[in-house]
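Biologist: I have a model open and would like to learn how to read its features. Could you take me through some of them?

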Amino acid sequence: MTYHPKSDFMRVMMERGFLADCTDYQGLDEALSEGVVPAYIGFDATAKSLHVGSLIQIMMLRWLQKTGHQPIVLMGGGTTKVGDPSFRADERPLLTPEQIDANIAEIRQVFSAYVQFGDGPSDALMLNNAEWLDGLNYLDFLRDIGRHFSVNRMLAFESVKSRLDREQSLSFLEFNYMILQAYDFMELNRRYGCRLQMGGSDQWGNIVNGIDLTRRILDEEVFGLTSPLLTTSDGRKMGKSASGAVWLNAEMLSPYEFWQFWRNTTDADVGRFLKLYTELPLEDCERLGAAEGAAINDAKVVLANEVTALLHGREAAQAAEATAREVFEKGGVGEDLPTLTLTAAEIGDGIANTTLFVRSGLAPSGKEAKRLFAEGGARINDEVVAEPRLMTAADFAAPLKLSAGRKRHALVVVQG
């Protein structure tokens with residue numbers, strides 16, 4: 001639909017490509033124009049870090065605050081004990097409360113790079129839904145909340161229907177997830193005046209449930225807004241790379257590797273990603289995205305620098321660019337490259353070169369390393385590796401630079 005927003009937040013969402021759907025464009029736009037709107041997005045705590053797939057939601061919270069509203073980061077300490085079935089082919093493994101709390105503590109540090117926490121009207125809050133879910137009495141919950149949900153309607157939601165259509169198991173435990181998420185929205189409205197839930201378009205059914213429940217029980221008008229589910233132009237799911245998930249915590253993925261992920265963006269995605277993941281003016285995003293030939297590579301460096309600077313700081317982005325230039329343009333060994341540190345004892349009488357590629361993260365297995373060798377894609381110190389062989393202590397007199405293809409590199413050093 002064509003809608004011309006009055007509020008800065010809705011304008012940014014529409015102009016930069018964040019908006020997939022909204023339950024009431026005009027109603028939400030008016031609310032945003034009248035005063036501070038607290039809004040939340042939920043994040044589960046199934047790992048110690050979020051990955052790039054969550055970055056579109058994190059940027060939505062950042063823009064919300066930049067346009068004068070209050071972001072609420074809701075960590076799913078309670079719902080992670082159940083597991084979100086949305087568009088999954090199987091049930092999530094269940095974590096202990098201690099594992100969940102440890103994951104939330106690790107994830108927390110990422111958000112402070114994007115939003116400002118505090119006590120002001122537009123300062124961000126980080127909450128944990130275990131605060132209200134852990135103490136629920138099951139019979140009271142069934143009587144007071146469960147009666148508002150139609151099983152017929154829940155079965156029609158795409159996230160459930162897709163599992164049933166494939167005749168894949170959907171446990172009662174997971175089926176409860178959408179009721180708990182709806183309850184979250186109601187509780188956030190009751191406790192913190194939250195008026196908007198945002199999320200990926202796969203969360204549409206859960207968001208609508210929360211809106212209906214809040215209206216029924218609290219008689220409050222609240223809204224829902226979804227972002228598109230992003231895939232890269234070559235069909236890959238956003239957040240995955242050839243070597244695995246692109247984590248946001250520096251302890252799980254170095255700033256250099258994070259920078260390199262964005263530098264390797266396909267040409268067709270540059271303009272779109274600049275709008276979504278940076279704060280560069282729209283005209284700059286469009287100009288850089290339209291570049292061709294060698295100029296598109298310069299645009300990718302701008303993209304990598306801007307995204308990395310937001311998460312890890314401008315200094316880390318500049319160091320990553322400098323390392324990349326040293327490695328790619330000068331054939332040098334950049335000190336910010338992912339580094340595998342070995343001991344003399346590990347080398348012993350020799351260590352297989354395939355093992356080095358696996359342990360440095362450049363190949364997922366010895367079999368894949370051998371395939372890389374056979375295809376001519378592996379190099380050690382810029383020399384093509386033709387076949388597997390043992391590397392002895394003499395080979396490690398200086399750091400080794402391993403390369404898989406033209407864009408993925410690692411260092412191997414010996415300690416002591």
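Biologist: Is Arg314 buried or exposed, or partly exposed?

Modeller: Buried means under 20% relative accessible area, exposed means over 50%, and partly exposed lies in between (1.4 Å probe, protein chains only). Arg314 has a relative accessible area of 40%, so Arg314 is partly exposed. Before we go on: this is a predicted model, where local features need pLDDT of at least 70 and side-chain atom pairs count only at pLDDT 80 or more, while totals for chains, interfaces and linings use all residues. Residues are numbered from 1 along each chain as its sequence is written, and side-chain values use heavy atoms, with hydrogens and water left out.

Biologist: With which residue does Arg314 form a salt bridge?

Modeller: A salt bridge is a side-chain nitrogen of Lys or Arg within 4 Å of a carboxyl oxygen of Asp or Glu. Here the partner of Arg314 is Glu306, and their closest N and O atoms are 3.1 Å apart. Salt bridges can also share partners: Glu131, Glu187, Arg190 and Arg191 are joined into one network that way.

Biologist: How many salt bridges does a search of the whole structure find?

Modeller: The search finds 17. One of them links the side chains of Arg11 and Asp8 (3.5 Å, N to O). Both lie in helix α1 (residues 8–15), three residues apart, so about one helical turn separates them. Helices here are DSSP runs (H or I, at least four residues), numbered from the N terminus. Arg11 is partly exposed at 34% relative accessibility, and Asp8 is partly exposed at 43%.

Biologist: What separates Arg143 and Asp140 in helix α6?

Modeller: About one helical turn, because they are three residues apart. They form a salt bridge with closest N and O atoms 3.6 Å apart. Arg143 counts as exposed at 52%, whereas Asp140 is partly exposed at 35%.

Biologist: Which residues form the nonpolar patch on the surface?

Modeller: Patches take residues with over 30% relative accessible area and no salt bridge, joining nonpolar side chains (Val, Leu, Ile, Met, Phe, Trp, Tyr) within 5 Å and like charges within 9 Å. This one consists of Tyr138, Leu139, Leu142 and Phe172, with about 460 Å² of accessible area together (Shrake-Rupley method, 1.4 Å probe, only the protein chains shown counting as cover for residues). Helix α6 (residues 138–144) gives the most, three residues. Leu142 is found in that helix and is partly exposed, at 40%.

Key:
Helices (H or I, at least four residues) and strands (E, at least two) are DSSP runs, numbered from the N terminus.
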